Amino acid sequence: MTIDAVIVDAVRTGSGRGKPGGALSSVHPADLLSQTLAALLDRNDFDPTLIDDVIAGCVSQTGEQALNIARTASLRAGLPESVPGTSVDRQCGSSQQAAHFAAQGVIAGAYDIVVACGVESMSRIPMGASSQGQDPTVGPLSDRYPDGLVNQGVSAELIAAKWGLDRATLDEYSARSHRLAAEAHATGRFERELIPITLPDGSIHHADETLRASTTAEGLAGLKPSFARPEFDERFPQINWSITPGNSSPLTDAASAVLIMSATKAAELGLTPRARFHSFAVTGSDPLYMLTGVIPATRKVLERSGLSINDIDTYEVNEAFAPVPLCWEKDFGSDPKKLNPSGGAISLGHALGASGTRLLTTMVGNLEHSGGRYGLQTMCEGGGMANATIIERL
């Protein structure tokens, strides 16, 4: 018998600037995730002892995010001690991978109910902190890549050069992200997915702090490139140095969570599913052009699904940097109106480990808003990887 894995509910926090003084910077990351888990379960009436697992994405698993934050946050949220938890690191796709593991476990019959979630406090645990100042990759990979790999910003520059994406195109796309996100807020499209977070002083955060509704392409044009280095000019003469803070995703604090169960269990509990998981894929790709993994991952998931790109009603392609969704769009010749229709990470933030389930949450809402049937989500990941997911609205 085929088992359907369904999404019963999905929530996210508003974003906070991932720097000291950001709206969520006073919140311990385990508390940020625990409030998110509690909000998800408060909205869905069933016995939490039935939860088989909590799977959390988190990239920088050190300091306050160490020692299995999934378990810490679950206990902090008041979940029964019998409910286990585990933490996943597939770089930026960590919580998308958590959702894959959760849904695949349901389909396999190993789980009935799972929570897939993610968290990252980039204000309290800076990006790269988990390396502890040591060398996790350069030395071990020097034989295979003797010329050396580069950071994601330079990868984004290489992609812009390869796909012929000039600075004006990148800035215009980035302004679009802020405009669409602002429209989604103004029309109440995010109302169902956003949950409030109580700060230590008792105040409430219930907005996307990274969103700048007044952003224009003209304003972004005045920003200086972020990654230009003389040592790269000779090696990569094709680069025009176009990546700036304005056409990149900002450092972000956030959490998100998705309630996943078998269709049979949802019916038994009297819960109404919002969508079902249709197809999954994960791929590796060239770690020099590490952000292009979204292209082979999309091809793979479409092949597995039996669907074409034109069958998909909404696409969530993570806006780590503007060249990523733009090169994806060029490669597939897809409808630009379907791409990140409520904005993306450039405006809504990219809280690393939380982004996968944030995109999934927003994608469910976009399908419900548009009346579409299928949604496709794909996420580029450090080291040259990508996940892709197709869901079907119910």
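**Entry 1, the largest pocket.** I began with the largest pocket and found that 49 residues line it, with Q91, M127, N151, Q152 and M290 lying nearest its centre. The model is predicted, so that local features need pLDDT of at least 70 and side-chain atom pairs count only at pLDDT 80 or more, while totals for chains, interfaces and linings use all residues. Residues are numbered from 1 along each chain as its sequence is written, and side-chain values use heavy atoms, with hydrogens and water left out. I noted a volume of about 1,500 Å³ for the largest pocket, and its lining divides into 23 nonpolar, 21 polar and five charged residues. Here Ala, Val, Leu, Ile, Met, Phe, Trp, Tyr, Cys and Pro count as nonpolar, Asp, Glu, Lys and Arg as charged, and the others, Gly among them, as polar.

I then looked for cavities and found one of 30 Å³ or more, with about 70 Å³ of space in the largest cavity. On a 1 Å grid over the protein atoms alone, a cavity is a set of points where a 1.4 Å probe fits but cannot get out, whereas a pocket is an open set with protein on both sides within 12 Å along at least five of seven lines; lining residues have an atom within 4 Å of a point. Grid points are joined across faces, edges and corners, and a volume is the space filled by probe spheres set on them. The largest cavity is lined by 14 residues, and A254, L348, G349, A351 and R358 lie nearest its centre. The elements that give two or more residues to this lining are β1 (5-13), β9 (252-262) and α12 (355-370); helices (H or I, at least four residues) and strands (E, at least two) are DSSP runs numbered from the N terminus. I counted the lining of the largest cavity as four nonpolar, seven polar and three charged residues.

Buried means under 20% relative accessible area, exposed over 50%, and partly exposed in between (1.4 Å probe, protein chains only). β1 pairs with β9 in the antiparallel sense over seven bridges, where two strands pair if DSSP finds at least two bridges between them. Two bridges also join β1 to β10 in the antiparallel sense, and V6 stands opposite R276 there. With strand β6 (residues 194-195), β1 pairs in the parallel sense over two bridges. Which residues are the bridge partners of R12? I found S256 in β9 and L194 in β6.

**Entry 4, β3 to β4.** Strand β3 and strand β4 (residues 85-88) run parallel and are joined by four bridges, with A56 standing opposite S87 of β4. The chain crosses from β3 through α2 to β4, and I recorded this β-α-β crossover as right-handed, the term for a path from the first strand over the helix to the second that runs clockwise when the strands point away from the viewer.

Helix α1 (residues 29-42) has 14 residues and reaches 20 Å from its first C-alpha to its last, close to the 20 Å expected at 1.5 Å a residue; the expected span is 1.5 Å times one less than the number of residues. Twelve of the 14 residues of α1 are buried, so the helix is largely enclosed by the rest of the structure. Among these buried residues I listed P29, D31, Q35 and L41.

Most residues other than glycine have a negative phi, so I looked up two exceptions. N68 has a positive phi of about 65° and lies in the loop between β3 (53-57) and α2 (69-76). N340 has a positive phi of about 45°, in the loop between α10 (323-332) and α11 (345-348). Is each one buried or partly exposed? At 26% relative accessibility N68 counts as partly exposed, whereas N340, at 1%, counts as buried.

H278 lies in strand β10 (residues 275-284) and counts as partly exposed at 22% relative accessibility. H278 and G219 are 59 residues apart in sequence and 41 Å apart in space, C-alpha to C-alpha. A388, in strand β13 (residues 385-393), is buried with a relative accessible area of 0%. A388 and P296 are 92 residues apart along the chain, and their C-alpha atoms are separated by 9.3 Å.
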